[in-house]
Amino acid sequence: MDETWNSIADWYTELVRDGSPMHQFARDILLAVLPDSLAGLTVLDIGCGEGLITRALAARGGTATGIDPTRALIAHAHRAERDEPVGAQYRVDDATTLSTVADASVDWATAGLSLNNVADLPAALAALIRVLKPAGRLVFTVPHPCFDAPRSTAVIIDGALRRIVGDYMDQGFWRTTAPQSVHRVGNHHRTIGTYVNALIDNGFQITSLAEPVPDELVRQGNPHRVGLPPFLLICAINLEPERIPN
């Protein structure tokens with residue numbers, strides 16, 4: 001039977017909370033482009049999972065809400081907030097509709113390694129444009145499309161592990177059989193151009209695009225990633241004009 005986010009929720013939560021270098025690095029590069037203080041700002045964390053990024057947003061003073069369609073992960077997030085309250089809020093919601101979020105109510109939206117799990121990217125970006133305030137901002141990371149393409153692998157060349165790029169142009173849903181990979185639940189592979197054009201088509205202006213160099217902990221645990229960016233980081237601003245109430 002194919003794995004789902006609900007079926008791996010306990011495993012995934014333990015992985016993240018045990019200090020996964022890849023997840024910590026993905027969180028840190030995303031947080032680095034947000035203001036140090038989010039006091040007075042409303043922040044929406046898309047695909048929050050067990051709440052790793054949402055908790056950090058709340059700790060910066062933001063009114064932080066994490067949404068995720070996976071009930072088991074939201075339950076883990078609620079338990080973390082009960083055990084160590086930081087003011088984070090969580091709701092079950094779908095990124096393609098954001099049905100629990102009001103129009104023009106969000107100053108910042110974050111999506112840490114989550115938009116690659118959304119089948120309908122244009123619908124998710126249209127929903128984000130709706131809930132973001134004029135000039136509201138989106139910051140997101142995805143596994144780097146070049147180096148986490150379907151059927152990428154690692155081989156030893158001249159005594160060193162090297163990454164073999166897979167089928168970069170083969171866009172669509174795929175899953176791995178590797179038992180310790182989150183991609184065993186599936187991943188929607190898209191080219192960089194697809195992400196960029198989808199943002200533009202849905203009313204965003206890209207303000208920066210980065211490929212952060214992996215830190216030492218990531219390199220130690222993933223020697224095949226030495227010299228390669230594990231993630232793509234994109235920042236964008238909502239260009240939609242201010243909405244006039246009906």
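A: **Cysteines, a buried threonine and salt bridges**

Cysteine 48 has a relative accessibility of 7%, so this residue counts as buried. The model is a predicted one. The cysteine sulfur closest to that of cysteine 48 belongs to cysteine 235, and the two sulfurs are 20 Å apart, too far for a bond. Cysteine 235 is buried as well, because its relative accessibility is 10%. For cysteine 235, the closest cysteine sulfur is in cysteine 146, at 18 Å, again too far for a bond. To count as a disulfide, the two sulfur atoms would have to lie within 2.5 Å. A search of the whole structure finds zero disulfides.

The next place to look is threonine 110. This residue sits in strand 4, which covers residues 106-112. Its relative accessibility is 0%, so threonine 110 counts as buried. The side chain of threonine 110 makes a polar contact of 2.8 Å with the side chain of aspartate 45. Leaving aside neighbours within four places in sequence, the residues in contact with threonine 110 are Leu30, Leu34, Val43, Leu44, Asp45, Ile46, Ile53, Leu57 and Val139.

Strand 4 also takes part in covering helix 5. In this helix, Leu121, Ala124, Leu125, Ala127, Leu128, Ile129 and Val131 are buried. The parts that cover these buried residues include strand 1 (42-46), strand 4 and strand 5, along with helix 6 (192-201), strand 10 (204-210) and strand 11 (231-238). At the start of helix 5, a side-chain oxygen of aspartate 120 comes to within 3.1 Å of the backbone nitrogen of alanine 123.

Helix 5 leads on to the charged pairs. Twelve salt bridges turn up in a search of the whole structure. One of them joins the side chains of aspartate 103 and arginine 130, at 2.6 Å from N to O. Aspartate 103 is in the loop between strand 3 (89-92) and strand 4, while arginine 130 is in helix 5 (residues 121-131), so the pair links distant parts of the chain, 27 residues apart. Aspartate 103 counts as partly exposed because its relative accessibility is 47%. Arginine 130 is partly exposed too, with a relative accessible area of 25%.

Another salt bridge brings together the side chains of arginine 175 and aspartate 2, with 3.9 Å from N to O. Arginine 175 belongs to the loop between strand 8 (172-174) and strand 9 (187-189), and aspartate 2 to the segment before helix 1 (9-17), so this pair ties together parts that are 173 residues apart in sequence. Arginine 175 has a relative accessibility of 31% and therefore counts as partly exposed. Aspartate 2, at 51%, counts as exposed.

A further pair is arginine 163 and aspartate 148, whose closest N and O atoms are 3.6 Å apart in a salt bridge. Arginine 163 is in strand 7 (residues 160-164), and aspartate 148 is in the loop between strand 5 (132-143) and strand 6 (153-157); the pair links distant parts of the chain, 15 residues apart. With a relative accessibility of 11%, aspartate 148 counts as buried.

Salt bridges also form a network, which links Arg17, Glu50 and Arg55.

Notes. Residues are numbered from 1 along each chain as its sequence is written. This is a predicted model: local features need pLDDT of at least 70, side-chain atom pairs count only at pLDDT 80 or more; totals for chains, interfaces and linings use all residues. Side-chain values use heavy atoms; hydrogens and water are left out. Helices (H or I, at least four residues) and strands (E, at least two) are DSSP runs, numbered from the N terminus. Buried means under 20% relative accessible area, exposed over 50%, partly exposed in between (1.4 Å probe, protein chains only). A polar contact is a pair of N or O atoms within 3.5 Å; within protein, one must be able to donate a hydrogen and the other to accept it, and residues adjacent in sequence count only if both atoms are side-chain atoms. Contact means heavy atoms within 4.5 Å. A salt bridge is a side-chain nitrogen of Lys or Arg within 4 Å of a carboxyl oxygen of Asp or Glu.
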